[in-house]
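Here is a friendly tour of the model, meant to be read with the structure open beside you. Please keep the viewer handy as you go through the points.

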Amino acid sequence: MSFAGTATCILLYALSSSSTLLAQGFDRVREGLPGKSEDRVGYTMTVRLDAENKRLVGKQEIRYRNATQGKTRELRFHLYLNAFRNVRSTLMRESDAAFRRGYKSQAEFGETRFTKLQLLVKDGDPVDLLGGLRYEAPEDGNADDRTVAVVPLPVDFDPGTEILLKSEFDVDLPKAYRRTGWGPGNFFMMAQWFPKLGVLQDADAGLSSWNCHQFHASTEFFADFGSYDVRIEVPAGFKVGATGKQIEEGPAGEGYVFHHFVQKDVHDFAWVADPDYSVYVEDAYQPVLDPKVSSILEDVLGYRTQELALTPVRITYLLQPEHDRKYVLERWKKSVHIALDFFGSRFGRYPYETLTVVDPTRDEDGRGLGGGMEYPTLITCGSPRFPHPRQLSPEGVTVHEFGHQFWFALSGNNEFESAWLDEGFNSWSEGRALDLAYRSYDKKLGVGAPLVTRAYGPWIFPGPPAASLGPLPKLDKVAIRRLVGKAAAYIPWYDKLDGALGRWNGELRLLPKGMPELDVLTYLPVLGNERLMPTSALYGDRAGFLRAGIKDPVDRFAWTYADRPSYRSNSYSRTSTNLATLERFLGPKVWTPLMRRFHERARFAHPKPGDFYRTVEEMGGVEAGRLARDLFLTTKSLDYSVTVKVKPPWGEKGLFDKGEKKDTEVNGATEITVYRKGQIVVPVTVRFVYWKDGAPVNEDVVWKAAQHAPWQRWVVSLADQAKKGELIQVYVDPPRTDLEPWFGPGGVYLVDQNLLNNAWQKTPNQRPAKRRATRALLWTQCLSNFFGVMG
Amino acid sequence: MSESQDKPVMDEEAQVPAFPGLLQALFLGPQALWTVLRAPVVLLFVFFCMTLPAFLLLSGYYENLNSVLAGNPLANGRGGLFLLQDYDRLHPGGHELPGLMQIVWTLMITFFAAGLLSTVGLGRRPRPGLTGFLSESGRLFFRSFRTLIPSLILILIWTGLFIVLLKPWVMGLDIVHASNMRAHWVLFGLNVLFLFGLGKILILRRLALARLVHTGRKSALLAWLWTLRYWMRHPFVTITAYIPLFLLFAGGALGAVYGLDALLARYFEQDSRPAYFMLAAQVFPLFYLAVNLASFLLARHLVAMDTAIREGGAAEPRVVFAPEPSKTEPATSVEKDAVGSGDVVSAKPAEANPDVRPSSSEEALAWEWTPEDSAKKEG
């Protein structure tokens, strides 16, 4: 390779001057939304789909600008599809064995290959770069992993300059077990399908380094914002949906047609093709502002109503034939509208003109291929074969994946290093959107809170969330042992049998695995166990987080969590619960503007965890900032409890008591002790409820964070009670009815590890336990009836 | 109940009826269900017996739960769900009780089904009391259990074959994936086939048990072999006969879900009284149980018809039992001698036995004695 004249191959461009409309990293003082991204990269691509052989052949021209302060002598590409090259890639090794075994033949694997890679030279011949290409595995050194390709450059790539690359590549598409590739019946989901540059970032000593991680089992993606101009050629008859706006379509020869899409200010490009799609288009849906939210934003941030205005969006729905029904389409539409309204109202307008909603196909077992996944302006939202009117599916996944347009597509955080910044934020947002939107029952669609509770045995309980009586009644071992008696402990195989039955019945999957088409039957009484219905995502997220336990801090690289449950909990449910705690801690008038401001600054700016903590500190105060750091950066837990002792009143006990004046401070007094069992120290409210004149009277005391003692005791004497009324209840962190319309039921600290010990009442109430035990009985009866058919 | 009532007698005058056609078969399931419902004492007793273990075991669960929730005012509030989540998390394990209950229920159904076939199913007149029902259930339990084992083995084999071989093979064929819809419906069809296979095994098991009870023989293997031959002879009529029961099973279920949960939802609201709901909701498992028991009676009827045709006997059960002796009318010595023989015994000619029903194909379909019949005979 000749180096003569290569200096000229680097096309020098002056960096655009800083503008308030241009996002250049997280700007800690910016107010308002940025108009556009930094546009560091541009991809112009032509790709042809060989549907018969399940191959792609593509050409690309890449423009890339070094916007860092340092130089580099290499390029790094993500070749994500090489993760599916064999079962030895890092993604495969990190996946469970069952996933690897799912690949049934060589034809189900896939691979991306460069066939040409050149650096374009101004007024000269292109320089071949392919010869120097090598694969690296920076995280685990896995020689079989080819998801990161390193290409040396002949000269320094200096700051402020731009290069042009030209490449050709071909792709053997894998089966879409992980959301990309082909599926049965000519379905093609094309995500991470092209060679894609990593992100050049500032490093030390005047050098820049590429942020280009391997494709891990538990990581997603990270890329620069830029412009995409893609011409897709597919066999005639295929329907195509893609990132961005279609500007042209027509014949491409040899029985092919082309679709030409363009989009600016995005960091990825995905497309989907399938001849079986039914296509529905909403030309211009106008999102609606939430007046309550707007009012807060106007009051606190000083926005004018027109500054908050949302812009219309063209929405395309690609439905599989089995979902091509008005009822299903309407449900999809409603959920997309809800999402556009919710996210637009709170975090700023959706800036793109289009949104494509894709219903992925199913695999041989009927499972949705592609499930739910987010790409800029294109989301996939799998749905059950027969969407149940009382289950929020496809609503949940649709709102979630749309939410990623804000928490990922627009923010562009590094999903390898801080997945929780989009997954967790989006889980919290999705839960909030669903809770608000489906509180009222939609008679037309038969969907809504009064009926969306949870199925349980034969019953899908209607009513508001309060009527839900909890998750599956795991029948207590203690209860069994109590009934079986001590004898059980002496039966040598008892534990073994116990475990075996537990495993067998653990999932309560009454139909063999791999038959999701029959999942609809689980809604029938005889088969139905308990289906968790998203009455409130809050419940689900809190339960998920606490079930997984705290093994890692939230803020961690995605592939370095202790295990997959820890990754999932920290990235999704724990972050969501932490955010729900923070929003309750700060209240809607602080939290709503805070999150708005954070998103404004994060938009097109690749935010990092520290940016969030600083925003919380700046707008929520030092105490909130400290709580945020405790919640996200440590493994500390929070648990408050209350115990109450009522001292028996003194009677005429003995010789020396007789005739003495009783000490009313101790005699019959009630002793309340609040314990701090976790490591997180926060101010907590202790509520004493007295019964006076036929009504409860609350008295709140705040046990402040400054009081670092592990416990605090209050004594309520009989004299006090004579004055204030009879003490009937005590709460630590009591329910916040003032926050309920905004955030749902509960106290402030949803992260509290055990709410069973957070309250006390003088008069026991057996009804809650009876309600649940009744359900358990009915469920057991119905389940047994099912098996009774075998008898 | 004296032993004499177990004594089988042969109906020698029976005429050979015709096996029901498809249309007639459609009515057999509802008739069977009606027969079960017309034996309310037996039905309620079985229901009570089958509910009692679950009730007792769940009372322990209730105790534990109550000890945690009763003193906590949050449990009854809108945030009560959080508490239940914490209860579940902090009291791990415990999925075993439903599992144990399923085994207990399977065995109990096995126990009661045989007794049902031998008493209600045989149309004895007057119908034996609970003691007789229990006695017959106990006497025939091991036979019933022996017919259960092959069905469980067949279910395992069929499930294994389906999941490991059949489904992957079919779904691996390229032709299946020519379009999404074709793949979808092929998959759906396969799953229906799987359920059909399961259903067929369950029907065969019922026929085998009915055959054992009908003939009074003991060999479950022979009964299964006979059942397989039977299936070859009458597959369509048998399937048709079971379809209404299946539809009742599924339809009743749906009706219960959408009807009862709308009506009774308020009992699950805050501070409601769950006892009312629980009592009302018992209609549902009771109905399921009745349909399940009816499926056994239906099998017995089909067996009786086929046996009569094949063996030239009566359309009615070839073996019937002598009447339950009244308190003033002890069993005859002849009947006592026949007890325990285990096989078909002709102890008394039919004309001498007023309890043997008239035999004709029409009457075979109406296989329940009415009180008027009894009164007429006795009169």
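**The two chains at a glance**

Of the 791 residues in chain A, 51% count as buried, where buried means 20 or more other C-beta atoms within 10 Å of the residue's own, exposed means 12 or fewer, and partly exposed lies in between, with C-beta atoms placed from the backbone. This is a predicted model, in which local features need pLDDT of at least 70 and side-chain atom pairs count only at pLDDT 80 or more, while totals for chains, interfaces and linings use all residues. Residues are numbered from 1 along each chain as its sequence is written, and chains are lettered from A and ligands numbered from 1 in the order in which they are written.

**Make-up of the chains**

- Among contacts (C-beta atoms, placed from the backbone, within 7 Å) with a separation of 6 or more, residues 24 or more positions apart account for 72% in chain A and 79% in chain B.

**Helix 3 of chain A**

- Within helix 3 of chain A (residues 291-301), A:V293, A:I296 and A:L297 are buried.
- These residues sit on the same side of the helix because they cover an arc of only 100 degrees around the axis, the arc being that of the directions from the helix axis to the C-beta atoms.
- A:P291 and A:D299 are exposed on the other side of helix 3 of chain A.
- The cover over the buried residues includes helix 4 (326-347) and helix 13 (588-602) of chain A.
- A:V293 counts as buried because 21 other C-beta atoms lie within 10 Å.
- Leaving out residues up to four places away in sequence, A:V293 touches A:S345, A:R346 and A:T592.
- A:V293 and A:K589 are 296 residues apart in sequence, yet 9.1 Å apart in space, C-alpha to C-alpha.
- After helix 3 of chain A comes A:G302, with a positive phi near 75 degrees.

**Cores and helix packing in chain B**

- The largest nonpolar core has 246 residues, and B:A294 and B:L298 have the most contacts inside it; such a core is a set of buried Ala, Val, Leu, Ile, Met, Phe, Trp, Tyr and Cys residues joined through C-beta atoms within 7 Å.
- Helix 10 of chain B (residues 283-311) gives the most to this core, with 16 residues.
- A second, separate core of 5 residues includes B:F162, B:L187, B:L190 and B:F194.
- Beyond its neighbours within four places in sequence, B:L298 is in contact with B:L28, B:G29, B:A32, B:A241, B:Y242 and B:L245.

- Most residues other than glycine have a negative phi.
- A:R179 is not a glycine but has a positive phi of about 75 degrees; A:R179 lies in the loop between strand 9 (161-172) and strand 10 (181-183) of chain A.
- With 19 other C-beta atoms within 10 Å, A:R179 is partly exposed.
- A:D693, also not a glycine, has a positive phi of about 50 degrees and is found in the loop between strand 30 (684-692) and strand 31 (695-703) of chain A.
- A:D693 is exposed, with 6 other C-beta atoms within 10 Å.

How values were computed:
Helix = DSSP H or I, 4+ residues; strand = E, 2+ residues; numbered from the N terminus. Contact = placed C-beta atoms within 7 Å.
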